[in-house]
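Dear colleague,

I am handing over the structure we spoke about, and below it you will find what turned up when I went through it. Please read with the sequence and the 3D view open side by side.

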Amino acid sequence: MMPETEFLRLSRREVLEASVAAAALGVCAPAAAAAPDALPASAPSVHASEVRFIVNGTPQTLSLDPRTTLLDALREHLHLTGSKKGCDHGQCGACTVMVGGQRINSCLTLAVMHAGDEVTTIEGLAAEADLHPMQAAFLRHDGFQCGYCTPGQICSSVAMLKEVEAGWPSHVTEDLGIAIDLTDAEIRERMSGNLCRCAAYPNIVAAIRDASEGGAL
Ligand code: FES
Ligand code: FES
């Protein structure tokens with residue numbers, strides 16, 4: 001092991017050379033690690049918190065490490081894996097669920113913040129064997145390819161249509177104070193928080209338009 005005094009004598013050039021060599025070998029420094037993994041369901045917690053909320057109509061009580069995100073609580077503790085972890089940083093929308101009817105990125109919020117809330121995931125949209133109209137529209141229009149973003153797209157679009165109905169303007173809304181004309185530009189703007197790496201956007205827009213016209217609210 002290199003003596004501390006010798007380590008401190010490393011030149012800036014030597015440090016840079018070592019970093020380049022490590023990068024070439026695919027060795028990542030801890031600071032450059034990918035998105036953090038979920039806290040394991042079995043991870044010991046010094047201060048576990050009990051959280052009670054309603055998920056897809058069912059009361060749930062979980063004992064969680066207070067650092068657990070809502071996404072990890074759903075996926076790792078309730079095994080509702082429909083909500084996807086794309087970026088874990090609030091950038092892709094794959095983790096979108098509805099809380100109290102409003103869409104949120106479940107990777108950006110802690111489960112303990114939702115005590116008493118009603119959470120709806122993609123698993124809770126369908127009524128028994130009947131698909132939600134938005135799910136059916138995505139199927140009709142092939143609004144997906146790999147499908148990884150699809151649960152988030154569908155949860156987001158269902159809540160988005162309620163926002164339109166409530167008269168919430170978007171960045172591209174031209175006339176405030178009148179009923180919002182749900183143009184393709186409106187749909188694209190309002191869904192811009194949900195990325196699709198397969199670029200199925202034309203069919204996603206068509207599906208949302210179809211569902212909105214068919215009364216998927
Ligand atoms: S996983 Fe939550 S926004 Fe990407
Ligand atoms: S369908 Fe593949 S990421 Fe959207």
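Helices (H or I, at least four residues) and strands (E, at least two) are DSSP runs, and they are numbered from the N terminus. Counted in this way, the chain has seven helices and five strands, and from one end of the sequence to the other they follow the pattern α-α-β-β-α-β-β-β-α-α-α-α.

Before going further, please keep in mind that this is a predicted model, in which local features need pLDDT of at least 70 and side-chain atom pairs count only at pLDDT 80 or more, while totals for chains, interfaces and linings use all residues. Residues are numbered from 1 along each chain as its sequence is written, chains are lettered from A and ligands numbered from 1 in the order in which they are written, and side-chain values use heavy atoms, with hydrogens and water left out.

As for confidence, pLDDT is the predictor's confidence in each residue, on a scale from 0 to 100; the chain averages 85, and 78% of the residues score at least 70.

For the chain as a whole, 35% of the 217 residues are buried, where buried means under 20% relative accessible area, exposed over 50%, and partly exposed in between (1.4 Å probe, protein chains only). Among contacts between residues at least 6 apart in sequence, 57% join residues at least 24 apart.

The helix α3 (70-77) deserves a careful look, because six of its eight residues are buried, so it is largely enclosed by the rest of the structure. The buried residues are L70, L71, D72, A73, L74 and H77, and they pack against β1 (49-55), β2 (58-64), β3, β4 (102-105) and β5 (118-120).

What do we find in the loop between α3 and β3 (96-99)? S83 lies there and counts as buried, at 1% relative accessibility; leaving out residues up to four places away in sequence, S83 touches L71, R75, A94, C95, V97, T121, I122 and E123. T81 is in that loop too, but T81 is partly exposed, with a relative accessible area of 39%, and beyond four places in sequence T81 is in contact with R75 and E123. T81 and E123 are 42 residues apart in sequence and 8.7 Å apart in space, C-alpha to C-alpha.

Most residues other than glycine have a negative phi. H79, which is found in the loop between α3 and β3, has a positive phi of about 60 degrees although it is not a glycine, and H79 is exposed, with a relative accessible area of 59%. E128, in the loop between β5 and α4 (133-140), is not a glycine either and has a positive phi of about 55 degrees; E128 is exposed as well, with a relative accessible area of 82%.

With best wishes for your reading

Key:
Contact = heavy atoms within 4.5 Å.
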